[in-house]
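Biologist: I would like a close look at a single part of this protein. Please keep it brisk.

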Amino acid sequence: MTVVPEMISLEDARALVLSHVELLDAEEVGVLEVIGRVAAENLKSDIDIAPFAHSAMDGFAVRAAQLANAAPDASVELDVIEEIPAGSFYEGEIGDTECVRIMTGAPLPDAADSIVKYEIVSVVAGDGRKGSRVAFSKPASAGDNIRSAGEEAKAGEVIVHAGEVIHSAGVGFLTSCGVTRCKTYRRPKVAIIATGSELVDPTKVPGKGQIRNSNSYALAACAIDAGALPTVLPISADDFDTLKAAVMAATSDYDFVITSGGAANGDYDFIKKVVDDAGELLMTTVNMRPGKAQTFGIVNGTPVFGLPGNPAAAYLGFEMIIRPALRKMQGYSHFERPHISAKLASDTKKKDPRRIFDRGTLTKEADGSYVVTPAKNQSSGLFGPIQRSNCFIVLPEGPGQYPAGTVLDCVLLDIPEEVVL
Ligand code: AMP
Ligand code: MG
């Protein structure tokens, strides 16, 4: 078998996998399909935003000069000669003793330069609408309560740059600029193959010695969360030829192939041999726990990642190494989940020299500091403690004692990489 470095650091493993995946091609989609995804092109507005100067308030359009001497004991009275609802406009003159009633969003008449909101205007005669007389008891300034034309963008200007993640507000911004379809990087098609002769589909009640294949579904969920399009392929028995055929077939239909199980050195562990036989084996072991046995290689030009079978080990391998790769393929530029330093709530120690990721729950104290409580059961065979946790507590390489109160780094679960804490 090809000789690859025995045990590499998590950082090296991530860098290795990232260096073997490429940005996928772009596809054009409707703006509602681009939420949370990366723009693959510069997007431009076809008009000025705002398209025209308009009122930001329901009020009265005036020229500030008309109200120069207005005061509580010397109010200025003006005749309301017109009213402009949103969608209409007024192009006439406004005499020195006149004003125009205007609604939010209606174009500012050329003859006016200021909007005075209703609330500070008193009605002298009529109902305040066209034909009424109203009084102003304060001066106004030119530009008051006006949103100017082109204040956000000019026609032809780039409004979202290639590489930006488009959020919900971005969808509003784009549509205001006339962009209803745009290019984004294609979602990676991910094949998920569980290997293990003990595995049965989750719809079955396991017989003697059998367990349900939960990894495939957890990994599919992780893939969806990473923006990918997973397909759960049939369970492969612990048999070299069966696994090789399944992996080979998947490499021609998918952008990334993930297996779980059979990644160590047991008699029935075949993924390393399959990758070595069918392609190029690049990695077998990573200095982390859970999840030392992490296989990676290229088969048929497609990245193939062999995760361990233990649920927490498979989950961590996906989270720490595969997720960044799937994100790179979609054009994201952040690959680290947010971290927080927290005080341990209870004593912890480790003998294993690997970097350990313990499952834990972070809480915030009244003084703003964080405390982290390790999950009682740290078995790598369980998904439950991860479901109930909100972080991984990082116990650095080497043996160590960590009494309660020790401050440790915690990696937040399920929080997008772009979030700044
Ligand atoms: P392996 O990595 O194949 O040695 O498997 C390690 C442990 O994980 C064993 O207890 C397996 O039964 C369990 N396991 C393997 N594959 C899966 C799976 N798809 N779903 C749940 N548990 C699994
Ligand atoms: Mg197995």
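Predicted model: local features only at pLDDT ≥ 70, side-chain atom pairs only at ≥ 80, totals over all residues.

Modeller: Residues are numbered from 1 along each chain as its sequence is written, chains are lettered from A and ligands numbered from 1 in written order, and side-chain values use heavy atoms, without hydrogens and water.

Now to H3. Its buried residues (under 20% relative accessible area, 1.4 Å probe, protein chains only) are Asn215, Ser216, Ala218, Leu219, Ala220, Cys222 and Ala223. Helices here are DSSP runs of H or I, at least four residues, and strands are E runs of at least two, numbered from the N terminus. The cover over these buried residues includes strands E13 (189-194), E16 (229-232), E17 (256-260) and E21 (302-307), and helix H6 (311-329). After H3 comes glycine 227, with a positive phi near 90°.

Contact (heavy atoms within 4.5 Å) takes 19 residues from domain 1 and 16 residues from domain 4. Helix H1 (10-19), H3, strand E19 (288-289) and H6 each supply at least two residues of domain 1's side. H6 gives the most, seven residues.

Definitions and conventions:
Buried < 20%, exposed > 50% of the residue type's maximum accessible area, 1.4 Å probe, protein only.
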